Every structure is written in C-alpha cells, then in structure tokens.
Amino acid sequence: MLNTLWLFFFLIAAVSGFYQWLVGGNSEIFAQMVRSLFDMAALSVQLMLLLFGTLTLWLGFLKIAEKAGLIDTLARWLGPLFSRLMPGVPAGHPALGLITLNFAANGLGLDNAATPIGLRAMKSLQTLNPHPDTATNAQILFLVLNASSLTLIPISIFMYRAQQGAPDPTMVFLPILLATTASSLAGLLSVALVQRLRLFDPVLMLWFGVFALILGSFMALLATLSAAAIQSLSSLLGNLTLLSIIWLFLLIGWRRNIPLYETFVEGAKEGFAVARDLLPYLVAMLCAVGVLRSSGALDIVLDMIRWLVNLTGLDTRFIDALPTALVKPFSAGAARALLIETMQHHGVDSFPALLGATVQGSTETTFYVLAVYFGAVGIQRARHAVSCALLADLAGVLAAIAVCYWFFG
C-alpha cells in the first residue's frame with residue numbers, strides 16, 4: 001500500500017505540473033517542484049533534530065517507568081479491555097501500558113510526550129509480530145486511533161488563536177471535542193469492522209459507557225465556565241499532567257531503588273537510535289508530499305470542489321478552510337501554516353478560520369504518523385491501516401464542518 005501511495009503522489013504531481021505548464025502557461029512550475037523536493041529533504045532533517053531531543057528525553061523517563069514496574073501494572077489493569085480490542089496481544093504485555101500512556105498524552109494535547117511513548121508501544125507490539133514487514137491487527141488499531149487523535153484539551157489550537165489576537169481563544173473547544181470524538185469513533189468502528197471485533201461485548205460496553213459518562217460530565221462542567229476559566233484550566237491541566245507523570249516515574253523509581261540517572265541514560269540512548277532510523281522514512285514521505293503540493297494539485301482540487309458545491313446551491317464558506325483539511329493528513333507544519341494564513345486573511349474569528357482551527361484539532365497527520373510509527377519498526381505492508389485512518393480523517397472533517405455550521409454558521 002505504501003509503495004503504491006508513494007508512487008501515486010509523484011504521478012499526480014507530474015500530471016498537475018504538465019497541466020500547469022501546457023495549459024496554465026506556468027513555465028516555472030517544474031523549478032518550483034524541484035525546490036520543494038529539496039526543501040522537504042531539508043525539513044526532514046530539521047524535524048529529526050527536534051525529534052532527537054524529544055525522543056531521548058521521554059524514552060529516558062519511560063525506561064525508569066518500565067524498570068519500576070509501572071508499565072506492567074497498567075497492562076494488568078487494562079488487560080480485560082485490550083484483550084478484546086487487541087486479541088493478538090497477551091494479557092499483561094508491556095505494550096498495553098505504553099498504549100494507555102500514549103492515549104492519555106494525546107488526549108491532553110501533549111504531542112511531544114505522545115510520539116515517543118507511541119513509538120515505544122509500536123516497538124513493543126512488533127515483538128509479537130510473526131511477519132516483521134507486515135502490520136499486525138493490533139498495530140493497525142493502535143495506529144488508526146493515533147491518527148484519529150482523540151484530543152480532549154487542544155492546547156496548541158488555543159495558542160495559535162491567541163497568537164493571532166483572538167479575544168476568546170477557547171471558542172473552538174467544544175467543536176473540536178465533538179469533531180475529534182467523531183473521528184476517533186469512525187476509526188475504531190472501521191477497524192473493528194475489518195478485523196471483526198465484538199464491540200458489543202459487555203466489558204467493552206462498560207468501558208465505553210464509563211468513558212461517555214466522564215466525557216459528558218466534563219463537557220457539562222466546562223459549559224458552566226467562562227472562556228478565561230476554560231483557557232486557564234486547559235493550560236493548568238496540560239502542564240500539570242505532564243510534570244506529574246515525570247514526578248510519578250521518578251518517585252516510584254526511587255522507592256523501588258532504581259538507579260534513576262543510569263536508567264534514564266539507558267533509555268535516552270534507545271531514543272537516539274529510534275530517531276536516527278526514522279530519517280529515511282521521513283525524507284521519502286515529506287518529499288513526495290512537497291512535490292504534490294508545489295505542483296498545484298491541491299488548488300485544482302479546491303476549484304473542482306467549489307464548482308461542484310456551487311452547482312448544488314449550498315453554502316461555500318467551508319471551502320476556504322479545506323486547504324487545512326486536505327494538507328493535514330500529510331504535514332502538520334503545512335496545515336499549521338495554512339491555518340494561520342486563513343486566520344490572517346479572513347480574520348481570526350471568521351467562519352473559515354474557526355472551521356480550520358476545528359479541523360486542525362480534530363485529526364492527526366495520518367501519513368506522518370504512518371511513516372514514523374511503521375518506519376520505526378520497519379513495516380512496509382500497512383494492510384488496511386491507511387484506508388481506515390483516512391476514513392477517520394474524513395469523519396473528523398465532515399463532523400468539523402457540521403459542528404461549525406451549528407456553532408458559528
């Protein structure tokens with residue numbers, strides 16, 4: 001699948017490039033595509049430099065948690081749930097605890113913490129893989145749920161809006177919460193359908209019911225708070241949770257006589273090795289995406305969508321936010337840049353800017369996650385991971401459009 005997808009990006013870029021040259025008269029299009037190719041290669045190296053520090057830091061702390069027995073404890077607690085969602089993973093396997101930590105970090109918008117934890121979880125799942133180049137069912141479910149990115153507190157989106165002068169940066173909090181829930185639910189259901197998981201199992205229904213109750217109660221509480229109080233609570237919870245995890249790891253490690261500094265360094269060395277091995281996969285994917293973007297293919301798609309929507313007589317305001325939605329599965333940086341550009345061009349509280357912010361917070365960079373997580377363990381056959389992840393992305397975008405028309409339309 002990845003081989004076909006990668007080639008498809010270059011072929012579409014080639015068709016679009018020749019169209020821009022022969023029909024549009026843009027003789028510079030191929031020079032733009034070549035510049036983008038080298039720019040993306042340079043960007044891959046810059047991303048790796050950032051990942052080196054992040055991965056070494058968090059994998060160092062995770063090594064302390066592992067030796068202190070925290071990951072095994074989490075795995076035992078969640079055994080009944082994951083034994084049904086991931087029947088190929090034995091009860092009590094360390095991967096289950098890492099998966100839990102990864103989902104918790106994603107939910108709080110702690111991307112820097114979630115990625116290294118997720119990579120460690122993927123490597124742990126790989127130890128159960130009888131065919132190392134092919135993704136297992138458990139790895140696919142884990143990746144799709146990461147790509148759908150259930151985010152309860154989108155701190156980064158609040159920050160972008162505040163930087164652009166929004167009087168109420170948290171205005172998009174509830175729309176993002178609803179859209180990201182739809183995205184994650186679509187991802188889970190699509191994988192469950194393909195893998196024939198029994199979602200109506202009593203244990204799963206109990207877990208889902210508790211989650212729905214907690215989420216509903218949390219939303220009801222937030223509805224009673226002012227915008228300033230929500231922003232303050234979001235920032236406090238995110239940062240306090242991040243530091244609390246570190247303090248918890250260190251405290252329990254100390255009580256169990258773990259050599260903290262030596263263990264941290266041991267884990268940090270693993271993080272350095274993981275980051276180094278990711279570079280070829282990042283270069284391959286980002287360069288393909290860069291050529292696709294610079295060829296003008298995305299602009300052509302937007303014009304076609306606008307034309308089709310005009311034929312139906314529907315409102316076309318959402319189309320101005322679609323660049324963020326179309327680019328988000330490929331590149332977080334490009335989606336972020338397009339979101340900020342939309343805020344500056346249309347106004348930070350305009351409908352396209354609010355929709356763009358909701359889309360940005362409702363899904364993850366699917367192909368980046370695919371390249372990083374599967375690339376870290378050498379998986380080349382993704383099976384149904386791409387289609388299920390893209391379905392989750394589509395659900396998130398459609399939900400974001402519907403919710404924003406409901407809230408702001």
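1. Does helix 9 pass helix 18 in a left-handed or a right-handed crossing? The crossing of helix 9 with helix 18 is right-handed. This, like every point below, is read from a predicted model.

2. Helix 9 covers residues 173-195 and helix 18 covers residues 385-408; the two pack with their axes 8 Å apart, at an angle of about 150°. Since angles over 145 degrees count as roughly antiparallel, helix 9 is therefore roughly antiparallel to helix 18.

3. On the helix 9 side, the contact is made by Leu174, Pro175, Leu178, Ala179, Ala182, Ser183, Ala186, Gly187, Ser190, Val191 and Val194. Helix 18 contributes residues including Cys388, Leu391, Asp393, Gly396, Val403, Trp406, Phe407 and Phe408. Sorted by type, the residues of this contact are 18 nonpolar, four polar and one charged.

4. The structure holds four salt bridges. One of them pairs Glu266 with Lys67, with the closest N and O atoms 2.8 Å apart. The pair links distant parts of the chain, as Glu266 is in helix 12 (residues 260-294) and Lys67 in helix 2 (residues 29-67), 199 residues apart. Glu266 counts as partly exposed because its relative accessibility is 34%, and Lys67 is also partly exposed, at 43%.

5. Arg161 forms a salt bridge with Asp349, and here the closest N and O atoms are 2.8 Å apart. Arg161 lies in helix 8 (residues 155-163), while Asp349 is in the loop between helix 15 (332-346) and helix 16 (351-362), so the pair ties together parts that are 188 residues apart in sequence. Arg161 has a relative accessible area of 0% and is therefore buried. Asp349, at 31% relative accessibility, counts as partly exposed.

6. A further salt bridge joins the side chains of Arg198 and Asp201, at 3.3 Å from N to O. Arg198 is exposed, with 59% relative accessibility, whereas Asp201 is buried, with a relative accessible area of 9%. Salt bridges that share partners bring Arg84, Arg198 and Asp201 into one network.

7. Thr136 may also be worth a look. Thr136 sits in the loop between helix 6 (111-126) and helix 7 (137-148). Is Thr136 buried or exposed? Its relative accessibility is 18%, so Thr136 counts as buried, the cut-off being under 20%. Leaving aside residues up to four places away in sequence, Thr136 touches Asn129, Pro130 and Arg383.

Methods
Residues are numbered from 1 along each chain as its sequence is written. This is a predicted model: local features need pLDDT of at least 70, side-chain atom pairs count only at pLDDT 80 or more; totals for chains, interfaces and linings use all residues. Side-chain values use heavy atoms; hydrogens and water are left out. Axes are lines fitted to C-alpha atoms, for helices over the stretch in contact, and angles run from 0 to 180 degrees between N-to-C directions. Helices (H or I, at least four residues) and strands (E, at least two) are DSSP runs, numbered from the N terminus. Angles under 35 degrees count as roughly parallel, over 145 as roughly antiparallel, 65 to 115 as roughly perpendicular and the rest as oblique. A crossing is left-handed if the near helix is turned anticlockwise from the far one by less than a right angle, and right-handed if clockwise. Contact means heavy atoms within 4.5 Å. Ala, Val, Leu, Ile, Met, Phe, Trp, Tyr, Cys and Pro count as nonpolar, Asp, Glu, Lys and Arg as charged, and the others, Gly among them, as polar. Buried means under 20% relative accessible area, exposed over 50%, partly exposed in between (1.4 Å probe, protein chains only).
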